[in-house]
Amino acid sequence: MTRESVQDLLQQLHATILSEREHAKALDLESMTKDREQKEALLQVIGTIDNLHPDDRHLAKAIQQENLRNAYLFKATLNWIQDTMEFFGRTSVPTTYSQYGATNNNCVNGRLLSGRI
């Protein structure tokens with residue numbers, strides 16, 4: 001594989017990673033899926049390269065950093081969604097007490113998510 005073709009593949013991968021982030025921020029899941037598929041195909045081809053030219057290492061490092069940024073974005077988003085789901089799944093009924101002073105356990109979880117009020 002020629003150095004120019006390797007540089008072209010690396011630049012395509014870099015552009016795809018940046019595009020994936022922008023589509024994620026815009027919540028364009030269809031385009032994001034296409035970006036992911038293109039990224040996987042490029043990584044398979046790039047994975048067959050034995051030695052990277054020393055001048056291309058800075059681009060490879062930039063690709064690695066941008067990919068990590070995407071990973072942190074996706075992880076933070078997932079954590080936020082999980083926290084939100086947990087918040088809405090909590091009991092929304094105040095604690096009540098029995099005639100003997102013991103707390104009554106009410107099983108009213110997830111009422112907002114189930115559509116029942």
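This is a predicted model: local features need pLDDT of at least 70, side-chain atom pairs count only at pLDDT 80 or more; totals for chains, interfaces and linings use all residues.

Trainee: What is the average pLDDT of the protein chain?

Mentor: pLDDT is the predictor's confidence in each residue, from 0 to 100. The protein chain averages 85, and 85% of the residues score at least 70. Confidence is highest in H2, at a mean of 95, and lowest in helix H4 (residues 111-114), at 52.

Trainee: What makes something a helix or a strand here?

Mentor: Both are DSSP runs numbered from the N terminus: helices are H or I with at least four residues, strands are E with at least two. The protein chain has four helices and two strands, running α-α-α-β-β-α from the N terminus on.

Trainee: Why is the Glu66 and Arg21 pair called a salt bridge?

Mentor: The term asks for a side-chain nitrogen of Lys or Arg within 4 Å of a carboxyl oxygen of Asp or Glu. For Glu66 and Arg21 the closest N and O atoms are 2.4 Å apart, so the pair qualifies. This one links distant parts of the chain, with Glu66 in helix H3 (residues 57-89) and Arg21 in helix H1 (residues 3-25), 45 residues apart. In total, the structure holds eight salt bridges.

Trainee: Are Glu66 and Arg21 buried or exposed?

Mentor: Buried means under 20% relative accessible area, exposed over 50%, and partly exposed in between (1.4 Å probe, protein chains only). Glu66 comes in at 16%, so it counts as buried. Arg21 has 9%, so Arg21 is buried too. Across the protein chain, buried residues make up 16% of the 117 residues.

Trainee: Which residue does Glu66 meet in a salt bridge at 3.6 Å, N to O?

Mentor: That's Arg69. Glu66 and Arg69 both lie in helix H3, three residues apart, about one turn of the helix. Arg69 has 49% relative accessibility, so it counts as partly exposed.

Trainee: Why are Glu30 and Lys34 about one helical turn apart?

Mentor: Because they sit four residues apart in helix H2 (residues 29-46). Glu30 is exposed, since its relative accessible area is 57%.

Trainee: What makes a set of residues a nonpolar core?

Mentor: They must be buried Ala, Val, Leu, Ile, Met, Phe, Trp, Tyr or Cys residues, joined through side-chain atoms within 4.5 Å. The largest one here has nine residues, among them Val6, Leu9, Leu42 and Ile63. H1, H2 and H3 are the elements that give two or more residues to this core, and H1 gives the most, with five.

Trainee: Which residues is Leu9 in contact with, leaving aside its neighbours within four places in sequence?

Mentor: Contact means heavy atoms within 4.5 Å. On that basis, Leu9 touches Met1, Leu42, Val45 and Ile46.

Note on methods
Residues are numbered from 1 along each chain as its sequence is written. Side-chain values use heavy atoms; hydrogens and water are left out.
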